[in-house]
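Hello,

Here is the structure I said I would hand over. Please have it open while you read the notes below it.

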Amino acid sequence: MKTAITEMFGIEHPIIQGGMHYVGFAELAAAVSNAGGLGIITGLTQRTPELLAKEIARCRDMTDKPIGVNLTFLPTFTAPPYPEYIAAIREGGVKIVETAGRSPEQYMPALKAAGIKVIHKCTSVRHSLKAEQIGCDAVSVDGFECGGHPGEDDMPNMILLPRAAEELKIPFVASGGMADARSLVAALAMGAAGMNMGTRFIATKEAPVHENVKNALVKASELDTRLVMRALRNTERVLNNKGVEHLLEIEREKGKSLKIDDIHDQVAGVYPKVMIEGDMDAGAWSCGMVAGLIRDIPTVKELIDRIMADAERLIRGRLTGFLDADSKEALKVA
């Protein structure tokens with residue numbers, strides 16, 4: 001399948017693996033790229049630029065296909081050494097960067113000077129247009145269904161994607177709620193040139209996380225995520241657990257007086273406890289509503305091959321069948 005995204009990034013399938021904290025390591029990124037998608041190493045999971053350089057080199061040993069690096073620009077008192085991270089990306093020969101969080105405008109000159117294509121994650125049309133204006137090559141449009149930070153507009157993809165298609169000149173991919181061929185075909189129909197999957201890729205054989213995490217995603221339904229930190233205007237969608245329930249109790253008690261320090265224990269240092277140790281009640285970790293569509297733990301190649309085969313069946317059989325009065329395939333439930 002050829003789209004503006006496959007052409008831009010030199011990949012076979014219009015499927016991108018989003019950067020995820022303590023998930024986007026070399027093993028997963030290489031598996032996605034080898035399967036024809038675009039694998040992403042999560043930059044800030046590597047505590048230093050030197051460690052990121054080593055992770056990029058490790059990934060290069062596993063694949064000769066295009067890979068990317070995620071850089072999330074965080075509102076912190078002590079900012080990570082972003083110029084050094086960008087240098088590690090450049091020196092590692094990586095030509096694709098997924099940016100998220102705050103605007104990457106400050107760092108665009110360095111990224112573009114290195115010949116790097118930038119795809120910025122946005123939760124609104126206005127932010128997508130800003131990304132286009134500052135020179136981003138593509139946008140990952142992130143709907144309210146997504147795991148992690150969905151923004152403060154609560155805009156689902158059924159509205160957000162067509163609006164992005166109406167306004168943007170650069171290509172974009174759909175992110176949030178993406179899990180299978182139905183997701184991909186729907187995203188293409190609404191104007192996207194591909195899709196970005198995060199949570200779905202955690203439940204794969206190659207994802208370097210504890211088996212408890214993968215099993216929790218298979219067990220979860222679409223009703224099992226919660227929104228936290230809304231009072232702080234730093235809304236995050238997470239999988240419900242005992243730590244999250246305690247966090248929500250604190251938020252209810254504190255109301256508008258809530259401070260980040262009040263929930264420090266439920267949000268700080270949680271990812272190693274969950275992803276490495278498998279403590280599923282440790283606290284808040286990002287998870288999308290798409291958990292309700294996860295039924296198994298395949299290899300990455302099995303997942304991507306299945307998505308692409310099913311997408312072709314949906315497009316050639318079900319969708320074109322609606323235009324054929326004699327087609328029985330179109331009347332089947334997908």
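Predicted model: local features only at pLDDT ≥ 70, side-chain atom pairs only at ≥ 80, totals over all residues.

Residues are numbered from 1 along each chain as its sequence is written, and side-chain values use heavy atoms, with hydrogens and water left out.

**The chain as a whole**

The chain has 14 helices and ten strands. The C-alpha trace spans about 65 × 45 × 40 Å along its principal axes.

Of the 334 residues, 54% count as buried. The chain exposes about 15100 Å², and carbon and sulfur atoms supply 53% of that area; such areas come from the Shrake-Rupley method with a 1.4 Å probe, and for residues only the protein chains shown count as cover. If you take the contacts (heavy atoms within 4.5 Å) between residues at least 6 apart in sequence, 61% of them join residues at least 24 apart.

**Charges and salt bridges**

There are 39 positive and 44 negative side chains, and the centres of the two sets lie 2 Å apart. Lys and Arg count as positive, Asp and Glu as negative, and His and the chain ends are not counted. Each charge is placed at NZ of Lys, CZ of Arg, CG of Asp or CD of Glu.

A salt bridge here is a side-chain nitrogen of Lys or Arg within 4 Å of a carboxyl oxygen of Asp or Glu. By this rule the model has 16 salt bridges. Three of the pairs are described here.

- R163 pairs with E166, with the closest N and O atoms 2.8 Å apart. Both are in helix α7 (residues 157-167), and as they are three residues apart, about one helical turn separates them. E166 is exposed, at 59% relative accessible area.
- R316 and E312 meet in a salt bridge of 2.8 Å, N to O. They lie four residues apart, about one turn, in helix α14 (residues 300-321). R316 is exposed at 61%, while E312 is partly exposed at 43%.
- E27 pairs with R58, the closest N and O atoms being 3.0 Å apart. This pair links distant parts of the chain, since E27 is in helix α2 (residues 26-34) and R58 is in helix α3 (residues 49-60), 31 residues apart. E27 has 30% relative accessibility and is partly exposed; R58 also has 30% and is partly exposed. E27 and R58 belong to a salt-bridge network together with E55.

**Some buried places**

Which residues of helix α8 (residues 181-189) are buried? They are A181, S183, L184, V185 and A187. The buried residues of α8 pack against α7, β7 (172-175), β8 (195-197) and α14. Just after α8, G191 takes a positive phi of about 110°.

L111, in helix α5 (residues 108-113), has 0% relative accessibility and is buried. Leaving out residues up to four places away in sequence, L111 touches I86, V97, I116 and V118.

T42 sits in strand β2 (residues 39-42) and is buried at 5%. With residues up to four places away again left out, T42 touches G19, M20, H21, G24 and N70.

**Two phi angles to look at**

Most residues other than glycine have a negative phi. Y22 has a positive phi, near 60°, in the loop between β1 (15-17) and α2. Y22 is buried, at 17% relative accessibility. D154 has a positive phi near 55° and is in the loop between β6 (138-142) and α7. D154 is partly exposed, at 31%.

Regards

Technical notes
Helix = DSSP H or I, 4+ residues; strand = E, 2+ residues; numbered from the N terminus. Buried < 20%, exposed > 50% of the residue type's maximum accessible area, 1.4 Å probe, protein only.
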